[in-house]
Amino acid sequence: MADVVLKHVEKIYPYVEKKKRSFKRSLKNQVEEKAKKSNLQLTEKGVLAVKDFNIEIKDGEFIVLVGPSGCGKSTTLRMIAGLEDITSGELYIDGKLCNAIEPKDRDIAMVFQSYALYPHMTVFDNIAYPLKFVKYKDPLPNKPDNVRHLTKKEIEKRVLEAAKLLEIEELLDRKPKHLSGGQRQRVAIGRAIVRNPKVLLMDEPLSNLDAKLRNQMRAEIINLREKIKTTFIYVTHDQIEAMTLGDRIVVMKDGIIQQIDTPQDVYEHPRNLFISGFIGSPRMNYFDAELLIQAGQYKVVLKNGYTVVPCEEKQARLRNNHVKGQRIILGVRPDHIAIKDEGIECKVRVSELMGASSHIHAEIIGNDYTLSKDASSNDIIAIIQNNGTYKNYVGSILKFGFNGNVVHMFSKETENNLEF
Amino acid sequence: MNRVITDYKKENRRAIIKAIILRVLCYSFLCFVSVMCIFFFYLLLVNTTRANNDLQGGRFTLMLSRFFNQNFKNLFSKFKTDFDALKGFRASFVIAFSSAVLTCYFSALTAYGIYAYDFKGKRLMEAFILAIMMIPPQLSSVGFFQMASKYGLKNNWWMLILPSIAAPSIFFYMIQYLRATLPKDLIESSRIDGSNEFMTFNRVVLPIMKPALAVQMIFAFVGSWNNLYMPSLLLSDSEKKTLPVMINALQRTSWGNIDLGCVYMAIFLSILPVVIVYLFLSRFIIKGVTAGSVKG
């Protein structure tokens with residue numbers, strides 16, 4: 001186990017010579033046009049992949065880096081592993097500055113998305129491979145500083161222990177090509193944990209598995225975490241994995257940390273519009289609304305006049321931040337929307353039975369006051385609990401409302417949550 | 001309705017006839033090419049069984065004769081001084097085997113270096129190595145011969161083994177193979193597992209490249225085994241001559257009383273190991289040549 005600290009870490013991929021020349025020729029145009037077209041951040045030095053990354057990961061903590069493709073999460077992990085150079089900033093593993101230390105000397109292990117099993121070796125040899133390089137002190141009477149490799153017996157013992165833990169003992173003689181995706185994943189994890197690394201890095205380890213196997217392996221990673229005491233850093237683009245596995249989640253976008261918090265806090269208190277849309281499934285509903293201050297109290301008024309008064313906790317936060325009356329984006333999660341007597345009048349288009357609950361897609365009647373930022377249409381999505389009896393609401397006209405303690409208010413200008 | 005069915009049948013028959021004609025043409029062409037390939041080996045075999053007088057007469061025949069044993073005996077008795085088969089085999093084998101092993105290992109190492117590492121001038125270096133392929137070895141042979149003479153390295157096998165290490169065509173094959181078959185994740189995984197760069201190459205990369213190495217080793221071995229030009233320039237000591245040089249000498253020195261039957265027998269013996277290697281490993285060679293051509 002070890003703590004991992006990243007201080008102001010940045011990663012810039014320098015331009016190749018040809019691009020550098022053209023960049024100098026038309027610096028301004030390049031920056032403006034290319035940055036508009038893609039989510040790449042161009043600087044004079046090169047393409048900025050990770051910007052000012054700061055985090056303190058505690059001993060034995062399970063941290064999940066989550067974000068859309070190209071947000072820099074894998075780059076960050078690779079910098080921790082030593083597979084990418086750190087352009088600027090400092091990386092400490094177990095209190096030791098590791099910027100210039102080779103990957104093999106960092107005492108870390110990594111599970112790759114592609115499993116990266118050595119195809120010519122058996123499962124046993126794959127798991128035993130890292131142990132062949134392990135050296136430890138074995139003082140002898142005449143040589144107090146004696147260092148030696150593990151013996152064959154010691155290696156065998158440790159491989160069998162890891163195999164037993166992952167229930168792959170019967171696969172030890174097989175080659176990777178004769179294994180299923182789930183079995184390969186277990187072998188990859190086995191190879192990573194056999195050395196008892198200080199830090200275990202996982203780069204989207206479940207993304208090559210089918211949905212059922214992914215759920216199973218996710219549960220096994222949770223079990224594994226209980227059994228081996230090490231620091232986990234896990235990269236995924238799947239928010240469900242992030243929510244279920246992590247002690248803390250690091251949400252990233254365009255190389256910048258958006259929020260570091262517990263899964264519950266990220267879900268309940270997203271710092272900005274991006275996080276609110278990225279975390280949570282189905283997506284959050286957004287409404288065009290106005291934040292008013294009446295008699296010292298904040299009120300949110302939708303276009304049809306439906307008014308919500310934020311709860312006292314939210315009121316206090318808004319007051320502390322000296323938030324003024326303004327046009328806002330109101331966010332409400334589908335599970336917080338309920339059928340009410342008063343609310344937004346909608347016609348139900350689709351009702352998806354999910355088992356204990358139903359996902360209802362309803363079109364707002366009259367006015368287009370949902371924001372089509374993430375939505376494909378002028379719809380509200382609500383999760384309705386069935387309580388044992390499924391009622392098909394398709395075609396019905398219902399009123400949907402929500403309470404003041406579940407609303408998220410985002411500035412229209414900055415897209416930041418006004419509570420922070 | 002019946003008419004439609006009749007038309008369909010006619011159309012179908014026409015397509016079948018067309019396919020048969022096409023197939024016959026293809027197989028005829030392939031048969032022709034195969035016969036062309038085998039023909040010269042067969043002619044060599046025929047000539048080893050013919051007497052010198054018969055061969056000197058210039059009569060062309062495809063029929064096997066009965067002087068095989070005689071030619072074999074003559075080769076080892078009459079031309080004992082010019083053709084010492086054992087020494088020739090030893091020299092050819094040592095040079096061909098050493099250069100095949102070294103050229104494959106170092107070509108794989110170079111290809112791995114350029115494939116796995118990012119450094120300035122990497123593309124230029126690759127282009128430079130490939131550009132060397134365009135230069136025929138004969139062009140540099142004069143300078144090379146002068147250098148060998150100057151440093152007294154003539155009649156030294158190392159002068160034939162060491163320069164063959166730099167083989168751009170094998171490098172090209174190896175880098176293409178690596179690009180198609182070796183994910184960089186494996187290299188990175190090995191680094192994280194604690195291996196140093198050289199161990200990663202030897203323990204992870206080389207075993208994955210086995211098919212490519214095997215096929216290129218065979219090609220390099222055959223190329224070196226049959227090489228006449230450089231060995232005939234450098235090797236004049238009869239103790240160190242390779243088989244092709246000996247055969248060449250056999251033709252030249254015995255011009256007055258040339259025994260063509262013996263010459264053909266010597267050529268036949270010299271290609272025998274290569275033919276055996278090809279016969280036994282043909283399936284492996286084809287597998288190695290096509291391996292890595294398709295990702296998957």
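I looked up the two domains of chain A, and their C-alpha centres lie 38 Å apart. The domain assignment gives domain 1 (4–268) and domain 2 (273–411) of chain A; such bounds come from an automatic or database domain assignment. The model is predicted: local features need pLDDT of at least 70, side-chain atom pairs count only at pLDDT 80 or more, and totals for chains, interfaces and linings use all residues. Residues are numbered from 1 along each chain as its sequence is written, while chains are lettered from A and ligands numbered from 1 in the order in which they are written.

Next I checked where the domains touch. Seven residues of domain 1 of chain A are in contact with six residues of domain 2 of chain A (C-beta atoms, placed from the backbone, within 7 Å).

Then I turned to the contact between the chains. It takes 17 residues from chain A and 14 residues from chain B. On the side of chain A, strand 7 (residues 108–111) gives the most, with three residues (strands are DSSP runs of E, at least two residues, and helices are runs of H or I, at least four, numbered from the N terminus).

Last, I looked at a helix pair in chain B. Helix 5 (residues 122–132) and helix 8 (residues 168–181) of chain B pack at an angle of about 135°, with their axes 8 Å apart (axes are lines fitted to C-alpha atoms, for helices over the stretch in contact, and angles run from 0 to 180 degrees between N-to-C directions). In helix 5 of chain B, B:Ile129, B:Leu130 and B:Ile132 meet B:Pro168, B:Phe171 and B:Phe172 in helix 8 of chain B.

Notes. Two residues are in contact if their C-beta atoms, placed from the backbone, lie within 7 Å.
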